[in-house]
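Reader: I am new to reading structures. Please take me through one, feature by feature.

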Amino acid sequence: MVQATAPKPDIQVAAEDRVGRHDRRRLADREGFLAWAMLLPSVIYIVALVGFPLLLAIAFSFSDVTTGDPSFDWAGLSNYQKIFGDPVFWRSLLNTIIFTVGSMVLIVVFGKILANILVADFHGKWIVRFLVLLPWTTPVALSAIAWLWLLDSIFSPIDWMLRQVGLINGNMYWLGRPSLAMLSVIAVHAWRLIPLAAVIMMAGLVAIPKDIQEQAEVDGGGYWRRMFEITIPLMLPLIAVAALFGAIVTFTDMTVVYVLTRGGPTNSTQVLSSWAFFRGIEGGDIGQGAAVALFLFPLLLTAAILILRAVRRREVL
Amino acid sequence: MTAATVDESIKADASVEALRRRAIRRHRLARVGLYLAAIAAALVCAGPFLWSLITAFKQSPDLYQRDNNPFLYNLPSTRQHVAYLFQDTAFLTFVWNTLWVGVLVVAITLVLSLPAAYALARLDRPWSGPMAIAIFFVYLVPPTLLFLSLSRLVVAVHLQDNTWSLVLVYPTITIPVSVWLLVGFLKSVPKDIEEQAMVDGYSRLGAFVRTVVPLVFPGIVAVIVFTFTLAASEFIYALAFVAPTAEKVISTGVPTELVRGDVFFWQSLQAATVLVAFPIAFVFNLFLDRFITGFTMGAVKG
């Protein structure tokens with residue numbers, strides 16, 4: 001966004017012109033105008049509806065705005081003091097970290113496995129790809145509903161299968177016990193994002209030159225050795241991109257939590273984003289909600305910089 | 001496993017025939033493993049939906065019986081709950097709202113992001129690299145950070161509880177991604193083609209519209225599909241901005257309207273999930289390869 005307001009580097013254009021011919025300058029000038037004209041609408045849209053609200057959110061976090069009293073009064077750091085003094089905030093922060101790290105590990109490991117399956121050639125590949133895409137392309141609120149029923153406290157078919165095998169007698173209460181609830185939320189979230197990670201990694205698998213693989217095969221490298229000594233190192237930047245993508249989506253997502261547990265039982269699955277929602281929208285305390293939501297920002301920025309560096313490294317390859 | 005015994009037999013025979021047989025056996029094992037892995041992956045990913053499909057046609061006394069096999073129809077199947085979904089809920093309204101919001105969002109996204117992507121991919125400005133990164137970073141600013149202030153903004157322009165608020169806000173999610181994807185597709189078009197068109201007398205803009213846009217059309221279709229899916233899946237804004245039943249979209253309408261207090265209309269809910277999930281995944285699958293191409297090409301140049 002900073003670049004949007006930066007002055008046009010005319011010096012460079014002028015320097016080129018002094019070297020080049022006269023008509024080149026006309027073309028360059030027109031292209032400069034065209035580039036701005038084509039880019040500006042998008043930039044304005046984004047500045048108006050992302051940049052401005054972001055500043056507004058920062059302002060809200062220092063105010064006492066509520067749904068009932070929308071007038072803006074300066075409240076200083078009191079919102080931050082309140083949330084830092086609230087044990088639910090620290091609980092949510094810890095949960096957010098557990099939720100993100102747990103999902104990310106699952107997403108990367110299974111995404112890689114799935115990508116390897118999907119790039120192979122076999123009969124019925126089309127139908128397998130179709131079925132595998134389902135978790136990602138379905139609106140998450142709906143697939144979370146399907147899972148809500150799969151994890152039902154009484155009628156869960158997973159429990160039924162476990163009972164048939166003889167592992168349990170009663171029910172697991174997947175969403176009713178704190179640690180199991182967290183596990184369920186992580187599993188459902190990872191399940192939803194694994195296909196996306198697989199698609200990103202497929203792009204990397206396809207890009208590895210065939211002759212490197214073939215050469216390694218001629219030299220006697222077995223499947224696993226090739227996998228760990230050639231494929232994975234070559235794909236590492238893209239795996240990093242997929243992982244950080246997943247981390248950001250996970251970090252900020254509240255849909256799975258909202259539908260499955262609503263943060264319960266007793267805040268054991270409450271994450272920062274869901275808590276910001278309950279505080280800000282359902283509780284009506286916009287100032288505090290904004291303060292909680294903003295707490296995500298420095299962490300996101302770090303993740304974004306990491307992504308950028310991973311992408312840069314990929315370019316060197 | 002049997003590799004050791006196989007190795008010995010090779011030493012004994014030292015014949016080409018044995019080597020060949022070994023290769024075939026390894027190959028066959030690998031094939032079987034691949035198929036098993038593919039089936040397992042498909043089952044894990046699609047399992048919940050397949051089970052939703054079974055549930056949608058179950059009678060309640062069959063469903064709410066803890067020891068019934070949940071995968072079979074212990075009582076005859078019924079279409080009653082699917083009919084309920086269509087006749088007694090606003091499901092069709094939700095579908096309609098999702099469709100027109102999706103189409104408008106796709107249109108706004110394309111109109112804004114296609115020129116922007118072209119400017120970044122082709123009109124070599126010194127700032128196009130950093131700008132592309134800046135736009136991509138916008139994608140990383142999540143709805144959870146913005147929904148509070150955006151909801152005030154939506155109130156300020158009198159769009160609260162109105163589906164149009166989503167048309168206004170969703171492009172902020174979709175523009176950054178589609179610029180990212182389109183830059184990738186545009187870079188794959190050889191520069192000579194536009195230059196030729198410009199030599200033939202078209203302006204830069206004319207060359208873009210008449211030669212480049214038709215060439216990246218497959219990419220544009222992939223972006224359309226992706227953008228639509230994003231718009232249809234969005235949950236937080238839709239939940240925060242729109243409350244009346246008639247204005248809701250699928251992703252908020254189904255979970256909120258088919259759950260009344262503690263009463264879940266399970267079969268109808270599952271029917272809705274299946275009816276929405278299968279068509280979207282089907283269309284997406286048609287464009288998966290293109291989407292992968294766009295992602296790699298967009299990712300290379302930052």
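Author: We go from chain shape to domains, then to the contacts and the core.

Author: This is a predicted model: local features need pLDDT of at least 70, side-chain atom pairs count only at pLDDT 80 or more, and totals for chains, interfaces and linings use all residues. Residues are numbered from 1 along each chain as its sequence is written, while chains are lettered from A and ligands numbered from 1 in the order in which they are written.

Reader: What is the radius of gyration of chain B?

Author: The radius of gyration is taken over C-alpha atoms, and the globule rule is 2.2 Å times the number of residues to the power 0.38. For 302 residues a compact globule would come near 19 Å, but chain B has 26 Å. Its C-alpha trace spans about 80 × 65 × 35 Å along the principal axes.

Reader: How many helices and strands does chain B have?

Author: Helices (H or I, at least four residues) and strands (E, at least two) are DSSP runs, numbered from the N terminus. Chain B has 16 helices and two strands.

Reader: Which domains are assigned in chain B?

Author: Domain bounds come from an automatic or database domain assignment. Chain B has domain 1 (3–80) and domain 2 (89–300). Their centres, taken over C-alpha atoms, are 36 Å apart.

Reader: How many residues of domain 1 of chain B are in contact with domain 2 of chain B?

Author: Two residues are in contact if their C-beta atoms, placed from the backbone, lie within 7 Å. Seven residues of domain 1 of chain B contact seven residues of domain 2 of chain B. On the domain 1 side, α2(B) gives the most, with five residues.

Reader: How many residues of chain B are in contact with chain A?

Author: 82 residues of chain B contact 83 residues of chain A. Helix α2 (residues 16–56) of chain B gives the most to the chain B side, with 13 residues. For classes, Ala, Val, Leu, Ile, Met, Phe, Trp, Tyr, Cys and Pro count as nonpolar, Asp, Glu, Lys and Arg as charged, and the others, Gly among them, as polar. The chain B side holds 63 nonpolar, 15 polar and four charged residues.

Reader: Which residues touch the most other members of the largest nonpolar core?

Author: A residue is buried if 20 or more other C-beta atoms lie within 10 Å of its own, exposed if 12 or fewer, and partly exposed in between. A nonpolar core is a set of buried Ala, Val, Leu, Ile, Met, Phe, Trp, Tyr and Cys residues joined through C-beta atoms within 7 Å. The largest has 176 residues, and those touching the most other members include Ala144(A), Met201(A) and Ala272(B). Beyond its neighbours within four places in sequence, Ala272(B) contacts Leu142(A), Leu85(B), Phe91(B), Val254(B) and Leu258(B).
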